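Here is a short tour for anyone meeting this structure for the first time. Have a look at the model, then read on.

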Amino acid sequence: MEILHNIYIHHYLALSVALFGIGVFGVLFRKNAIIMFMCVELMLNAVNLALVAFSKMHGDTDGQIFVFFIMVVAAAEVAVGLAILMMLYRNLHTTDTDSLNELKG
Amino acid sequence: MLTEYAFWLLSFIAIFSGIATIISKNPVYSVLYLILTFFSIAGHYFLMNAQFLAAVHIIVYAGAIMVLFLYVIMMLNLNQLEIEKRSNILKMLAVASAGLLLVILSGAAHSADALTANPNKVTPAGMVEDLGIALYRHYLLPFELASILFLAAMVGAVYLSKKNLNETQA
């Protein structure tokens, strides 16, 4: 079953770049740690999309295996990261990253 | 023809809800828009014959990760609107650096014109069978190591979310 005759790899690359840029902009622009976390997830998904597009281009399943492992690492990262965020909120009562300035001289 | 319309529609939904994720004031709306983005990305996987990945993506991201986000937002009671006070210089720097990165990346993607998909090549279907053969034959060691990673992450998450971390250490 061959679908997508006229959608080429650079369509997917453009979409992937757009999503990655949105994620980078969100991490730099927002101060809420949870929103920044979600933007990191968005960036990971942009990379996943590019990898699946490459996998389709080469007719090879290796790209999809990479996406699989990225999902594994993302799930582990979210579990630990949200636990850290809970500790942060318990000690500071905020998730604002600007309040984490204790190392500032 | 229909799949092209599906591509453009899914791309529009993905980018629109991605932007809505970062400009929503309420974190709960951000989570919901991000779930919409993930569903459209799963639709893209489906269009690219990666059906197994599409299913796993929905189960893992929309089913597990975003539910975890919603739980944390609910427990921390963060759903009230907050005014973010960030200086204008920092905002402009954020816009400039993100825009520059976008320009660089799109330049790199634009120069990939030669990488058109070969329609004559047989695309392997991303079903469970193909992925399973690759995963258990060539990638067995990373697959097993992933379980150790999960175990470590689970221990870390449980330990970090203990109520009184200092008292239990004594």
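## A well-covered helix

Let's start with helix 2 of chain A, which is mostly covered: 20 of its 26 residues are buried. Buried here means that 20 or more other C-beta atoms, placed from the backbone, lie within 10 Å of the residue's own; 12 or fewer makes it exposed, and anything in between is partly exposed. Helices (H or I, at least four residues) and strands (E, at least two) are DSSP runs, numbered from the N terminus.

The end C-alpha atoms of helix 2 of chain A sit 38 Å apart, which agrees with the 38 Å that its 26 residues should span at 1.5 Å a residue (the expected span is 1.5 Å times one less than the number of residues).

## Where the numbers come from

This is a predicted model, so local features need pLDDT of at least 70 and side-chain atom pairs count only at pLDDT 80 or more, while totals for chains, interfaces and linings use all residues. Residues are numbered from 1 along each chain as its sequence is written, and chains are lettered from A and ligands numbered from 1 in the order in which they are written.

What does Val52(A) touch, leaving out residues up to four places away in sequence? Its partners include Gly63(A) and Val67(A), plus Tyr45(B), Met48(B) and Leu53(B) from chain B. Contact means C-beta atoms, placed from the backbone, within 7 Å.

## Chain B and its partner

Chain B has 7 helices and 0 strands, and of its 170 residues, 26% count as buried. The contact between the chains takes 71 residues from chain B and 61 from chain A. On the chain B side, those residues divide into 49 nonpolar, 15 polar and 7 charged. Here Ala, Val, Leu, Ile, Met, Phe, Trp, Tyr, Cys and Pro count as nonpolar, Asp, Glu, Lys and Arg as charged, and the others, Gly among them, as polar.

Methods. Two residues are in contact if their C-beta atoms, placed from the backbone, lie within 7 Å.
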